[in-house]
Amino acid sequence: MIGRLNHVAIAVRDIDAAAKVYRETLAAEVSEKVPQPAHGVTTVFVNLPNTKIELLEPLGAGSPIAKFLERNADGGIHHICYEVDDIIAARDKLKGQGARVLGDGEPKIGAHGKPVLFLHPKDFCGTLVELEQA
Ligand code: CO
């Protein structure tokens, strides 16, 4: 069902400092930062040869990563994103196996302009999983 690892998302308090670590210390290709008000985050993408790192900083009140950063003061891995060929078929199959889909269960347009869903970490080895339509 799952295909390529699309990205690993890392929540940070200071996205400029995090981007600098990736750009300068790790010498990676780093995008400009993009505010995503609909998602309550500002994003920076680190483009690696085989996948991406998505740096996330809270944006506005009620950001979905605010609580995570309260628990993880230094930031940390927030979720991993796998590609699927058919997000509706994947959702229905997973739900049929008892997995919990977050929110109203309908795909939303994610940070890359493609439909995404999030799966409950308790059902996936303690890791928040994002599925993205390939
Ligand atoms: Co993501």
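**Ground rules.** I reminded myself that this is a predicted model, in which local features need pLDDT of at least 70 and side-chain atom pairs count only at pLDDT 80 or more, while totals for chains, interfaces and linings use all residues. Residues are numbered from 1 along each chain as its sequence is written, and side-chain values use heavy atoms, with hydrogens and water left out.

**Salt bridges.** I looked for each side-chain nitrogen of Lys or Arg within 4 Å of a carboxyl oxygen of Asp or Glu, and the count came to seven salt bridges. In one of them Asp 16 meets Lys 33, at 3.1 Å from N to O. Asp 16 sits in helix α1 (residues 15-25) and Lys 33 in the loop between β2 (29-30) and β3 (34-36), so I wrote the pair down as a link between distant parts of the chain, 17 residues apart; here helices (H or I, at least four residues) and strands (E, at least two) are DSSP runs, numbered from the N terminus. I then found Arg 100 paired with Asp 123, their closest N and O atoms being 2.8 Å apart. Because Arg 100 lies in the loop between α3 and β7 and Asp 123 in the loop between β8 (115-119) and β9, this pair ties together parts that are 23 residues apart in sequence.

**Cobalt site.** Which residues are the protein donors of the cobalt ion? I listed His 7 (NE2), Glu 54 (OE), His 79 (NE2) and Glu 130 (OE), lying 2.1 to 2.6 Å from the ion; donors are N, O and S atoms within 2.8 Å of the metal (3.2 Å for Na, K and Ca), and since water is not among the atoms, sites may look incomplete. His 7, in strand β1 (residues 2-11), and Glu 130, in strand β9 (residues 129-133), are 123 residues apart.

**Cysteines.** I searched for disulfides, meaning pairs of cysteine sulfur atoms within 2.5 Å, and found zero. For Cys 81 the nearest cysteine sulfur, that of Cys 125, is 16 Å away. Is Cys 81 buried or exposed? Cys 81 counts as buried, at 0% relative accessibility, whereas Cys 125 is exposed, at 79%.

Notes:
Buried means under 20% relative accessible area, exposed over 50%, partly exposed in between (1.4 Å probe, protein chains only).
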